[in-house]
Structure formats: structure tokens, C-alpha cells
Amino acid sequence: MEKELLKCQGISKCYGEHWALKDCSFSLQRGSFNVIVGPSGCGKTTLLEIISGLQKETKGEIWLDGSKQKESIRRKIAVVFQEPALFPYMSVEENILFGAPEDADFDIHSKAREIAELLGLSERRCQRSDTLSGGEKQRTAIGRALMKGADLILMDEPFSALDAPLKQRLGDKLHSLQQQLSLTLLYVTHDQNEAMRLADHLIVMKDGEIQQQGDPRSIYEHPQNTFVAGFIGNPAMNLLKAKVKGQKIYFHQEILPFPYEQTLDQEQEVIIGIRPSQIEYGSGEMSGVCKETKYYGDQIQALIEWDGYLLQVLLPAAEALPSCAGITFDLRRCVFFDAENGRRLDLY
Ligand code: ATP
């Protein structure tokens with residue numbers, strides 16, 4: 001069986017003069033958890049609406065299961081919105097049953113009970129949906145999407161209105177359900193922590209454009225540009241302006257050896273990306289000053305001033321931090337970007 005389920009090719013959307021989406025192309029594999037992440041207004045919802053058929057693209061093409069026919073695509077897709085659109089006077093089970101396909105060739109009532117059980121809603125089956133908690137409402141909406149037996153489920157920030165622990169629990173539940181049932185999901189969020197935790201395939205967007213896509217680890221380790229570097233990872237990657245000249249890197253005052261054989265153009269302005277967990281404070285010849293600390297149980301997030309830069313540093317919380325100490329980082333583990341266009345430089 002073909003593994004690719006959905007293919008979007010060059011999707012663009014223009015509202016008046018404003019291009020909300022610009023040439024977005026990606027594919028989704030069957031049985032995978034796909035997440036679109038990006039800041040507010042970057043076009044996530046518009047993209048989902050175009051795939052579901054609620055909006056029409058200005059340019060581009062969509063194939064589902066090798067077919068370009070809009071009607072058949074729509075029948076094979078279910079959508080779960082940010083606000084669970086339930087019938088308030090109906091019970092949980094009736095709402096779930098509402099998703100059943102008209103031509104279902106199975107016992108829809110036992111299927112609805114099975115889905116309620118999977119979602120931990122068995123005890124709520126007969127309860128009116130307007131009396132449910134936020135999390136129960138959203139699980140009912142997911143149940144209706146599962147009942148449809150759709151090939152692809154689109155989810156637009158389904159848990160964003162819930163408090164953080166519940167959001168995490170439901171995300172985990174959805175993740176195990178996706179694995180258990182081999183669902184193909186396309187999930188939208190602006191929360192990069194949630195995106196990293198859930199995704200097999202991550203699509204990072206900004207200003208209507210896909211900035212990078214791939215598995216979360218490769219995006220974290222090899223961000224394509226400074227936007228992705230700063231957006232993915234918490235605390236964010238430190239981005240330091242510097243200059244490379246010959247085999248030396250000129251920071252504000254400090255000069256360190258350029259860690260690659262390759263020489264750059266005569267004098268190149270660069271941005272050097274350093275993950276907060278890759279900086280050591282407490283050893284090394286260069287000196288840092290601790291400006292601020294935040295305590296997170298087994299870790300401390302510290303703001304360290306080094307050479308006129310303010311660096312976010314993640315450290316084990318074993319001991320109290322000295323206000324002044326040595327600082328060190330491995331330049332081979334840093335990511336170098338071209339300061340002019342923000343793109344990663346592939347160095348060797
Ligand atoms: P959020 O995370 O805040 O929901 P988003 O990434 O989902 O944002 P969209 O809702 O897709 O972003 O909007 C993308 C851009 O398109 C925004 O600038 C928005 O103002 C604009 N936009 C969306 N719908 C319309 C519309 N119907 N008419 C005009 N502009 C629109």
C-alpha cells in the first residue's frame with residue numbers, strides 16, 4: 001500500500017492584497033502524527049481550512065490517496081476545531097454517533113461505545129454535552145471524528161483553551177490513541193513544546209511560508225534559519241552576532257578560533273546559535289556574570305553575561321550558582337548562520 005496519504009503542492013492563499021499562504025508544499029504519510037507549528041497569524045488555520053475544503057486555495061493542488069477530486073477528499077477528512085462544535089442538548093454518545101457515515105456497514109452503536117471507552121468517556125455516555133468539562137467536550141469531538149472513520153483527521157489547536165496539565169494529559173492520550181489506531185493526524189498548534197512532544201513530522205511556519213519540515217530532532221539539531229533556531233527549543237537558542245575573519249571568530253571583545261577547516265569569505269558577519277544546555281558555567285578561562293536565575297526543580301535557568309552578550313543557560317540545580325565564574329561552550333556544537341539572510345551555513 002502507498003504510504004503517502006496527503007500531498008499539498010504549492011498551496012497559496014491571497015485575501016485581498018495579503019498572501020496568507022505562500023507556496024506551501026508537503027506530504028503526510030499514513031499512520032503518522034503531523035504537527036504544524038508557528039506563531040499567531042502565520043497561516044496554520046488557513047492551511048487546515050483549505051485541506052478540509054472550508055476555504056479555496058488561490059493556487060496549488062491537493063491530492064488525497066492519489067485523488068484530486070475535492071468531494072471525495074472532503075468525505076475522507078474529519079476536522080476537530082479549537083471550540084468543540086457539539087450539539088448541547090445531545091448526550092456524549094449521540095454526539096459521537098452524529099459522526100457515523102450514512103452508509104456504515106457496521107453496528108454504529110457498539111462502535112460509539114467502543115470509542116467512548118477508548119477516550120475514557122464510558123461513564124459520561126448519557127450525559128448532555130453542555131454539562132461536560134472542557135476536556136470531556138474536546139474528547140467527545142475527537143470521538144465524533146473517529147466515528148467518521150476518516151482517513152485523515154485535522155485538528156486546529158484542540159486543547160488550547162484547557163489548562164496546562166490537562167492539555168498535556170489529553171495530548172498524551174491523543175498520541176497513544178494515534179499509535180494504537182494508526183491514525184493519520186494533522187494537528188495545528190502555536191505551542192512548540194507541544195509540537196515537539198507529539199510530532200513524528202513537524203512543519204514550522206512563519207508569515208505564510210514553511211520554514212522547515214522534518215522530524216523534531218533534526219529540526220532541533222539542524223535548524224535551517226535563525227527563525228526556526230529561535231522558535232524551536234525552550235529556552236530558546238542563544239543567537240550571538242559575531243564576525244568570522246580567516247580562522248578566527250570576533251565576538252564583542254573575545255576572539256576564539258573558528259572550529260572548521262573551511263574559510264569563509266574575507267570577512268563574514270555571522271550569527272552563532274548556542275543551545276542553553278550546551279553552555280557550561282563554573283569552569284573555563286572566559287568569565288561570566290550571573291544576572292538572574294529561575295529555579296525549575298532539577299534545573300536552573302540562568303541569565304549569564306559574557307563578553308557583553310546575555311546568554312540563557314540551563315544548568316543542573318545541584319548547587320547554588322556563583323555570581324561570577326568561568327564559562328565555556330563547544331563551538332563545534334554551535335550552529336552558524338549567515339547574518340545577512342539568517343540561513344544556516346553548512347560548514348565542514
Ligand atoms: P492563530 O494561531 O492566531 O489562529 P493562524 O496561524 O492560524 O493564527 P490564520 O488564521 O490562518 O493564522 O491567518 C493567517 C493570516 O490570514 C492572518 O494574517 C489573518 O489575519 C489573515 N486572514 C485569515 N482569514 C482571513 C479572512 N477571511 N480575510 C482576510 N484575512 C484573513
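Which domains does the domain assignment of the protein chain give? The assignment gives domain 1 (4–231) and domain 2 (238–338), with bounds that come from an automatic or database domain assignment. The structure is a predicted model, in which local features need pLDDT of at least 70 and side-chain atom pairs count only at pLDDT 80 or more, while totals for chains, interfaces and linings use all residues. Residues are numbered from 1 along each chain as its sequence is written.

To begin with the overall picture, the C-alpha trace of the protein chain spans about 70 × 45 × 40 Å along its principal axes. The secondary structure comes to nine helices and 18 strands; helices (H or I, at least four residues) and strands (E, at least two) are DSSP runs, numbered from the N terminus. Of the 348 residues in the protein chain, 36% are buried. Here a residue is buried if 20 or more other C-beta atoms lie within 10 Å of its own, exposed if 12 or fewer, and partly exposed in between, with C-beta atoms placed from the backbone. Among contacts with a separation of 6 or more, 64% are between residues 24 or more positions apart, where a contact means that the C-beta atoms of two residues, placed from the backbone, lie within 7 Å.

The two domains have C-alpha centres 39 Å apart. Five residues of domain 1 are in contact with five residues of domain 2. On the side of domain 1 that touches domain 2, two residues are nonpolar, three are polar and none is charged. In this grouping, Ala, Val, Leu, Ile, Met, Phe, Trp, Tyr, Cys and Pro count as nonpolar, Asp, Glu, Lys and Arg as charged, and the others, Gly among them, as polar.

The ligand comes next. Its shell consists of Y15, H18, A20, G38, S40, G41, C42, G43, K44, T45, T46 and H190, a residue being near a molecule or strand if its C-beta atom, placed from the backbone, lies within 6 Å of it. Both β2 (18–29) and α1 (44–52) supply at least two residues of this shell, and α1 gives the most, with three residues. By type, the shell holds three nonpolar residues, eight polar and one charged.

Helix α5 (residues 134–147) has 14 residues and reaches 20 Å from its first C-alpha to its last, close to the 20 Å expected at 1.5 Å a residue; the expected span is 1.5 Å times one less than the number of residues. Eleven of the 14 residues of α5 are buried, so this helix is largely enclosed by the rest of the structure. The cover over these buried residues includes β5 (77–80), α3, α4, β6 (152–156) and α6 (164–181). After α5 comes G149, whose phi is positive, near 65°.

The largest nonpolar core has 82 residues, and L154 and V204 have the most contacts inside it. Such a core is a set of buried Ala, Val, Leu, Ile, Met, Phe, Trp, Tyr and Cys residues joined through C-beta atoms within 7 Å. Helix α5 gives the most to this core, with five residues. Because domain 1 (4–231) and domain 2 (238–338) both give residues to the core, it lies between them. Not counting residues up to four places away in sequence, V204 touches V37, G38, Q211, Q212, Q213, I219, V228, F231 and I232.

Finally, F106 lies in the loop between α3 (92–97) and α4 (108–118). F106 is exposed, with 10 other C-beta atoms within 10 Å.
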